[in-house]
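Look at the sequence and the model shown here. The paragraphs that follow go through the sheet, then the helices, then a few single residues.

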Amino acid sequence: MDVKGTAFVARKAFLERKFGHERFEAILREQAAIDPLFRGPILATSKIPIEAFLRLNDRLVRELYAGDDRSYFEHGAASAEFALGEGGPYRALVTNRDVASFAASAPRIYRTYFDEGDAAGAVTDATHVSLELTGIPIRHVYFEYAICGYFGRGLELVSGRSIKTKCVRGFSRGDADVRYEYTVH
């Protein structure tokens, strides 16, 4: 399984703003000793083996967030702002302000980042949206928290309203897949 370099570029931009360029680069240099692919430039179009990407992200969480895996939610939300926000490469997915269209775009959004697994979003009623993640070969909380954080922030950007998030199933609970429900307030 590979992740597109867009995920790395977004993470780098967010963490450099929050912790500084030097701090991020120091961690990246340390990780490059384990995963040499981080020695060279990573472009939005680069393909990164998921194992190396997860090792880097786990290191970032350990060193910048005292090991708090739930920080992946923040990473996902920041990635959504990067990709779906003003000037972002996937801005067109939120410009119509239609929650149903955004929910239906979940498979396309997922596939812009990952080459295995699937995502399905659906509007279940006037104020509820669901997201399911299936077929992900590595059951790591990164996928659950970062993707669900991304989707939740995307819903906020589309609807212009706040979102309440509820985990129904998840890797964090030992489940084989992920299902989150979002309430639009």
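Two strands pair if DSSP finds at least two bridges between them. Helices (H or I, at least four residues) and strands (E, at least two) are DSSP runs, numbered from the N terminus. This is a predicted model, in which local features need pLDDT of at least 70, side-chain atom pairs count only at pLDDT 80 or more, and totals for chains, interfaces and linings use all residues. Residues are numbered from 1 along each chain as its sequence is written, and side-chain values use heavy atoms, with hydrogens and water left out.

Begin with the sheet. In which order do the strands of the open sheet lie? The order is β3-β4-β6-β5, four strands with antiparallel pairing. The edges are formed by β3 (118-125) and β5 (163-169), each of which pairs on one side only. On average, and with direction ignored, neighbouring strands of this sheet are turned by 20 degrees against each other. Angles run from 0 to 180 degrees between N-to-C directions, and axes are lines fitted to C-alpha atoms, for helices over the stretch in contact.

The pairs can now be followed across the sheet. Seven bridges link β3 to β4 (residues 128-134) in the antiparallel sense, and Gly121 has Leu131 in β4 as its bridge partner. Helix α6 (residues 106-113) packs on the sheet and touches β3 and β4, where contact means heavy atoms within 4.5 Å. The direction of α6 makes about 155 degrees with that of β3. On the next step, β4 and β6 run antiparallel and are joined by six bridges; His128 has Thr183 in β6 as its bridge partner. Six bridges also join β5 to β6, again antiparallel, and Thr165 stands opposite Tyr182 in β6.

Is strand β6 mostly covered or mostly exposed? Strand β6 (residues 178-184) is mostly covered, with six of its seven residues buried. Buried means under 20% relative accessible area, exposed over 50%, and partly exposed in between (1.4 Å probe, protein chains only).

Now turn to the helices. Helix α1 (residues 5-19) has 15 residues and reaches 21 Å from its first C-alpha to its last, close to the 21 Å expected at 1.5 Å a residue. The expected span of a helix is 1.5 Å times one less than its number of residues. The buried residues of α1 include Phe8, Ala10, Phe14 and Leu15. After α1 comes Gly20, with a positive phi near 100 degrees.

Two packed helices are described by the angle between their axes and the distance between the axes. For α1 and α2 (residues 21-32), the angle is about 130 degrees and the axes are 7 Å apart. The two helices are therefore oblique to each other. Angles under 35 degrees count as roughly parallel, over 145 as roughly antiparallel, 65 to 115 as roughly perpendicular and the rest as oblique. From α1 the contact takes in Phe8, Lys12, Leu15, Glu16 and Phe19, and from α2 His21, Arg23, Phe24, Glu25 and Leu28. Five of the contact residues are nonpolar, one is polar and four are charged. Here Ala, Val, Leu, Ile, Met, Phe, Trp, Tyr, Cys and Pro count as nonpolar, Asp, Glu, Lys and Arg as charged, and the others, Gly among them, as polar.

Helix α7 is mostly covered, as 17 of its 19 residues are buried. Its end C-alpha atoms are 26 Å apart, which agrees with the 27 Å that 19 residues should span at 1.5 Å a residue. Gly160 follows α7 and has a positive phi near 70 degrees. Cys148 lies in α7 (residues 141-159). It counts as buried because its relative accessibility is 2%. Leaving aside residues up to four places away in sequence, Cys148 touches Phe73, Leu131, Leu133, Phe143, Val178, Tyr180 and Tyr182. Gly76 is 72 residues from Cys148 along the chain, yet their C-alpha atoms are separated by 7.2 Å.

Two loop residues remain. Thr127 sits in the loop between β3 and β4 and counts as partly exposed, at 30% relative accessibility. Thr127 and Val184 are 57 residues apart in sequence but 5.0 Å apart in space, C-alpha to C-alpha. Ala66 is in the loop between α3 (50-64) and α4 (71-84). Most residues other than glycine have a negative phi, and most peptide bonds are trans. Ala66 has a positive phi, near 50 degrees, and is exposed, with a relative accessible area of 76%.
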